[in-house]
Amino acid sequence: MQDDFCSIAVLVSGGGSNLQSILDHIQQGHINANIACVISSNPNAYSLVRAKQANIPTHVIEHTRYASREAFDQELVRTLEVYNIKLIVLAGFMRVLSNTFITAYPGRILNIHPSLLPKFPGLHTHQRVLEANETEHGCSVHFVTANLDQGPVVIQAKVPVKTTDNTERLAARVLEKEHIIYPLAVKWFSQNKLICLDNAIYFDNEPLSTHIILTTKHEIELQ
Ligand code: GRF
């Protein structure tokens, strides 16, 4: 394996549709990378079934078995040590990571969040967007830093909020976009087009002053 080949660990807690989307793009040859392992904080996550179907090694690390966040994160780091991981992808991973983990992978942890950050960090974003009568919603891929949902944003995709929306319909429309922007960001990272140094993003070797907004031009890059 080449030194700069992008070996990925995906951390999950739930259904894993984002994991599946990234995996599909790798299998179709659109992303030159490999998912070396999937780690779930939830033993019943459907993500684990998806990983096993793709012959990806899986690990379950349940936070309830650890006395502290630090101890849980140390176990994550220990588990990952045997893989030569270049990128950590958080895909519906429902644990907040401590500095122990974040400093082990500086500029190498991506997360997807279902809102147009910095709006609506935290949970229940779709419900909160509807309650706030927003006309626009979406999702963001960002690098993970010590501050929850506040790391530098790489790319966002927007969807209109319709008067007929409920949380399920809105969430489904946002999820469709997640399945495009996450593989795209992973692809850029694997190509070394996307780099994060000292919390600043560089894209094609230029500082990225404002995050990218998904357009059809980008969607073509994924094919
Ligand atoms: C997605 O909405 C993601 O934005 C959020 O959790 C959900 C995970 O979905 N962080 P899935 O497990 O990838 O289907």
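Modeller: Two strands pair if DSSP finds at least two bridges between them. Helices (H or I, at least four residues) and strands (E, at least two) are DSSP runs, numbered from the N terminus. The model is predicted: local features need pLDDT of at least 70, side-chain atom pairs count only at pLDDT 80 or more, and totals for chains, interfaces and linings use all residues. Residues are numbered from 1 along each chain as its sequence is written, and side-chain values use heavy atoms, with hydrogens and water left out.

Biologist: Why is α1 largely enclosed by the rest of the structure?

Modeller: Buried means under 20% relative accessible area, exposed over 50%, partly exposed in between (1.4 Å probe, protein chains only). The buried residues of α1 include Leu-19, Ile-22 and Ile-26. Their cover includes β1, β2, α2, β4, β5 and α6. Helix α1 is largely enclosed because its buried residues number eight of the 11.

Biologist: Which residue in β5 is the bridge partner of Leu-90?

Modeller: Strands β4 (residues 87-91) and β5 (residues 109-113) are parallel, paired over three bridges. Ile-88 has Ile-109 as its partner in β5. Leu-90 is partnered by Asn-111.

Biologist: Which residue in β6 is the bridge partner of His-113?

Modeller: On this pairing the sense is antiparallel: β5 and β6 (residues 136-143) share four bridges. The partner of His-113 is Ser-140.

Biologist: How many residues of β5 are buried?

Modeller: Both faces are covered. Ile-109, Asn-111 and His-113 are buried on one side, Leu-110 and Ile-112 on the other. Strand β5 is therefore largely enclosed, with a buried count of five of the five.

Biologist: What share of the ligand's area does the protein bury?

Modeller: The residues around the ligand (a heavy atom within 4 Å) include Gly-15, Gly-16, Ser-17 and Glu-178. A polar contact is a pair of N or O atoms within 3.5 Å; within protein, one must be able to donate a hydrogen and the other to accept it, and residues adjacent in sequence count only if both atoms are side-chain atoms. Ligand oxygen atoms lie 2.8 Å from a backbone N or O atom of Gly-16 and 2.6 Å from a side-chain N or O atom of Ser-17. Of the 370 Å² that the ligand exposes alone (Shrake-Rupley method, 1.4 Å probe; for residues, only the protein chains shown count as cover), the protein buries 79%.

Biologist: Which residue's backbone nitrogen does the side chain of Asp-165 reach?

Modeller: Asp-165 sits in the loop between β7 (153-160) and α6 (167-190). It counts as buried, at 11% relative accessibility. Beyond four places in sequence, it touches Leu-130, Pro-160, Leu-170 and Arg-173. At 2.8 Å, its side chain reaches the backbone nitrogen of Lys-162.

Biologist: Is Arg-173 buried or exposed?

Modeller: Arg-173 belongs to helix α6. Its contacts beyond four places in sequence are Val-159, Pro-160, Lys-162 and Asp-165. With a relative accessible area of 19%, Arg-173 is buried.

Biologist: What is the relative accessible area of Ser-7?

Modeller: Ser-7 is found in strand β1. Ser-7 is buried, with a value of 4%.

Biologist: Which residue in β9 stands opposite Leu-197?

Modeller: A three-stranded open sheet has antiparallel pairing in the order β8-β9-β10. Its edge strands are β8 (194-197) and β10 (206-207). Four bridges join β8 to β9 (residues 200-203). Opposite Leu-197 stands Ala-200.

Definitions and conventions
Contact = heavy atoms within 4.5 Å.
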